[in-house]
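Have the viewer open and let's take a walk through this one together.

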Amino acid sequence: MGSENKAKIFEQFDKNFEYLKVKYNLLINSDIITREFEILIAGKSFKALLIFVDGMTNSESINNNILAPLMLKNSIKMTPSKQVKLNNVQKFNLQDFLVNKLISQNVVEISKDFEDCFGKINSGFTALFVDTLDVAICMETKKLPVRSIPASQSETVVRGPQAAFIESLRSNTSQIRKIINNENLIIENTKVGKITKTNVSICYMKNITNDDLVSEVKFRLNNLKLDSITSSGEIENLIKDNLNNVYPELLATERPDKTSNLILAGRVAILVDGSPFALIVPAFMLDFLVSPEDINLNSAFANFLKLIRGIAYFIAVLLPGIYISVTTFHDEFLPTELLLAISSAREKIPFPIILEIFLMELSFELIREAGIRVPSAFGQTIGIVGALILGEAAVSANIVSPILVIIISITAISEFSLPDYSFSFSTRIFRVIYIILGYLFGLFGISCGIFAHLILLFSYNSFGVPFLSYTSFKSYFVKPIWQNEKRSEILDTKRPLEEPHISMKWRNNEK
Amino acid sequence: MKNKLTVFEAISIITIITISQIVLDFPEYLVDLTGTGTLINLIFLAVISLIFCFIISNIFKNFSNHDIIDISEIIGGKILKFIISVIFIIFLFLLAISGVSNFLFLIRNIFFQNTNKLFVLSIFMVTLLFSATKGFYSLKKLDTVIIGILGLSIFALFFGDNGNFNSNNLVPVFGYNYETTFKTGLLNIFIFNFMLIYFFLMPNLSKKNDYKKIVFSSFGINLALLLISVTSILLYYPTSITHSLTNINTMNTILLVTRRIQISSFLSQTDSIFIFIWSFAILSYICFLINSIIYILNKLFNFKNKSKLSFPVVLAILIGVLLIDRIINIEFLENIVLKYFSIFLTFGISFIILILGYFKNKKKGLNNAKKAVK
């Protein structure tokens with residue numbers, strides 16, 4: 001199959017046409033348009049064929065910049081010296097003449113084999129086959145239906161840019177280039193997928209990003225042997241370091257401003273055509289607790305929010321486990337009044353506490369899943385039903401205790417306060433593990449779990465950089481912007497200094 | 001390079017060893033022997049140990065890429081290397097077995113009185129096995145994160161609630177008598193067995209120049225922690241009580257200290273929190289011992305895949321723990337076997353090998369110089 005596609009383009013027009021008919025199933029494929037015509041050059045006529053995909057191309061551009069010059073203007077009045085004579089046609093380079101004199105299209109590329117040509121046609125180019133030429137002249141006439149730039153849905157901020165990525169790769173790269181506005185921004189393209197040949201862009205700063213990191217990203221992307229790629233999520237799973245890691249190892253963001261900031265910090269962004277998310281590498285665990293809002297705030301406020309999110313993470317993972325362990329094994333730890341309150345609340349509950357807690361967890365997961373899947377108009381209804389069932393009916397029916405409802409609610413709120421959607425999945429998995437450990441072994445089991453959990457996190461890498469490290473703890477809290485002198489040491493950037501020792505020169509000048 | 005230690009990582013690992021031994025009630029053995037004179041005894045022993053530290057750090061300047069196993073090979077070839085390695089492996093196994101057994105006893109006494117020993121042991125061993133397979137790199141990184149909270153927990157023993165302190169418990173300062181404090185009390189030097197790491201540290205450092213800094217800083221920190229824990233025990237309980245506690249073998253003295261700490265009326269019994277925090281220290285300590293055993297085994301036999309050794313090592317520890325069925329055996333192991341074994345290894349054989357290695361190195365240097373002159 002592969003060798004067939006590598007077939008060279010024939011000199012004979014009819015052969016090419018036949019090949020295209022077979023490969024593109026032109027008799028049944030309705031969106032592949034072919035247009036046969038003749039090109040007349042200095043009295044000699046050449047059969048020609050245009051082929052393009054309807055819906056991906058700009059008809060106006062094809063008509064005005066390709067068909068019109070080839071069909072109408074090729075009886076040009078050239079100067080005698082440059083005029084083509086029929087007896088000189090062997091010496092005359094038809095390809096150059098067409099590309100340089102007739103076709104007034106900004107991007108023109110030459111394909112020598114059908115595979116390359118098909119790739120271009122499928123991505124919005126128009127291919128021109130001319131009799132006697134063993135190449136196809138591919139002209140960019142792309143006009144894909146794209147939606148306008150929307151506001152970010154999954155990473156909303158109060159203050160700061162609202163724009164988000166869309167499904168068009170070029171639109172996304174242009175948003176980044178607009179923000180970074182520097183010639184050192186490199187946007188390299190590669191294709192992934194034998195069938196889909198999905199365009200993937202690798203964005204980095206030539207003068208900042210570590211070369212080894214860039215090479216590693218390119219190496220991994222260029223060594224993916226599979227048929228199709230349709231989203232950035234698939235790429236993420238294919239290029240991450242630790243295959244069994246439940247934590248995301250690449251930071252996915254739909255925000256151009258966040259992507260640009262991270263590129264400027266020395267990281268690499270991967271954009272996939274058709275996906276409104278950029279993947280940032282390497283990613284550290286604490287990146288997932290950072291909100292795009294943070295850089296817009298006073299550092300004291302930002303750090304306070306970061307602290308809250310850090311606490312929220314621990315609550316989301318540990319609270320139900322600690323609750324079950326304290327009530328099962330360490331009741332002496334609780335003040336007598338609280339212990340009595342819990343005991344009396346649980347008195348009428350017929351289930352063991354582990355079943356009670358799993359019942360609540362399952363109900364909560366179902367409500368969340370339903371809330372995401374149903375149309376937004378029903379979302380509120382699901383919320384009300386859930387709140388009534390969980391909050392009122394379950395307690396009244398003595399299925400769960402009111403304290404457990406509070407525990408699960410606090411856990412859920414904490415999980416929602418985590419800024420990264422994919423990161424919160426890992427909290428759910430580990431929460432279940434801690435519930436089981438807490439039930440079986442109490443706080444001792446929880447501490448064993450935390451120990452193994454931390455060991456696991458410290459063993460992970462994201463593109464060769466530790467996923468969690470002491471350094472990342474230190475850099476979690478933001479410094480005021482005038483103190484951000486250095487880029488992260490762990491990234492080993494080419495330009496370690498981000499700003500001079502005194503960035504607010506006006507203060508010195510004032511003195 | 002990945003497993004090389006920075007200053008902070010090395011100090012964290014060494015400090016966690018001492019914290020674990022404090023949690024495992026080693027200070028009680030000190031108080032048991034020297035009574036109220038333990039503080040003076042400890043300071044006296046620290047001075048002696050510091051002299052050793054000074055000698056060790058100066059000699060190791062000449063062996064920047066060697067640990068004590070390599071030096072034993074220089075002196076006595078492969079046979080001595082094998083013997084020394086085996087001695088160290090046995091010692092580390094005994095430490096690990098006593099550590100797990102002791103902590104298991106503590107945990108079972110408090111939380112799992114009616115639970116099967118194997119059931120409680122299972123989670124402990126699974127955690128250790130999992131951590132050991134992940135290698136030393138993760139452990140050293142973890143230690144840098146938990147060291148702060150562990151250190152604070154030991155300070156909390158002292159500062160938790162000094163309302164219960166009785167300063168009369170500290171007198172007589174010189175203990176039972178001069179001989180017990182300074183002569184018989186010399187045996188208490190086993191508490192400085194963390195110094196054994198100094199014999200393995202040099203080739204595992206990312207910057208060799210930091211060796212001296214690590215030796216003296218870690219020594220100072222560990223001494224401070226030991227002094228605090230001993231002082232807390234003495235201040236909370238008269239030595240007669242701790243002595244009887246030791247004899248009836250029911251409770252860890254350090255844990256009894258935590259039971260007297262009352263942070264507020266809300267948190268009245270805080271021992272669960274301490275056990276929760278100290279579990280990290282014990283797990284890290286045992287995990288470090290397992291990694292050290294694997295390190296020495298690898299030096300002896302040069303295995304292709306070190307991580308596969310974790311399973312047999314953990315299994316051997318598990319078997320050892322199951323064999324020690326009664327608490328008297330743990331006490332015998334810690335207070336008699338390990339005490340003398342620690343002194344023999346730290347201040348005896350390792351030190352002698354180091355000195356001999358130094359002279360052999362010097363002699364070799366002289367011979368080379370003579371040859372060069374000729």
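Where is the place of Asn302(B)? Asn302(B) sits in the loop between α12 (271-301) and α13 (310-323) of chain B, where helices are DSSP runs (H or I, at least four residues) and strands are E runs of at least two, numbered from the N terminus. Its phi is near 50°, a positive value in a residue other than glycine. At 63% relative accessibility, Asn302(B) counts as exposed; the scale is buried under 20% relative accessible area, exposed over 50%, and partly exposed in between, with a 1.4 Å probe and protein chains only.

A quick word on the ground rules. This is a predicted model, with local features needing pLDDT of at least 70 and side-chain atom pairs counting only at pLDDT 80 or more, while totals for chains, interfaces and linings use all residues. Residues are numbered from 1 along each chain as its sequence is written, chains are lettered from A and ligands numbered from 1 in the order in which they are written, and side-chain values use heavy atoms, with hydrogens and water left out.

Chain B has another non-glycine residue with positive phi: Asp25(B), at about 75°. Asp25(B) lies in the loop between α1 and α2 (26-34), and is buried, with a relative accessible area of 8%. Helix α1 itself covers residues 7-23 of chain B and holds Thr15(B), which is buried at 4% relative accessible area. Setting aside residues up to four places away in sequence, Thr15(B) touches Ile147(B), Ile221(B), Asn222(B) and Leu225(B); a contact here is heavy atoms within 4.5 Å.

Now for the cores. A nonpolar core is a set of buried Ala, Val, Leu, Ile, Met, Phe, Trp, Tyr and Cys residues joined through side-chain atoms within 4.5 Å. The largest has 175 residues, and among those touching the most other members are Phe124(B), Met195(B) and Ile317(B). At least three residues come from each of domain 2 (169-283) and domain 3 (304-466) of chain A, the bounds being from an automatic or database domain assignment. Beyond four places in sequence, Met195(B) has contacts including Phe52(B), Cys53(B) and Phe347(B), and Cys53(B) is buried at 0%.

What about disulfides, meaning cysteine sulfur pairs within 2.5 Å? The count over all chains is zero. The sulfur of Cys138(A) is 4.2 Å from the closest cysteine sulfur, in Cys117(A), so that pair is too far apart for a bond.

How do the two chains meet? The contact takes 25 residues from chain A and 33 residues from chain B. About 2900 Å² is buried between them, with carbon and sulfur atoms giving 81%; that area is the accessible area (1.4 Å probe) the two parts lose on being put together, summed over both. On the chain A side, Phe333(A), Phe444(A) and Phe451(A) lose the most area, together 26% of what that side buries.

Finally, chain A. Its C-alpha centres for domain 1 and domain 3 lie 64 Å apart. Val281(A) and Pro282(A) are joined by a cis peptide bond, with omega about -10°. As for pLDDT, the predictor's confidence in each residue from 0 to 100, chain A averages 86, and 94% of the residues score at least 70. Over residues 76-81 of chain A, though, pLDDT stays under 50. Where pLDDT is low, the predicted coordinates should not be read in detail.

How values were computed:
Disulfide = S-S within 2.5 Å.
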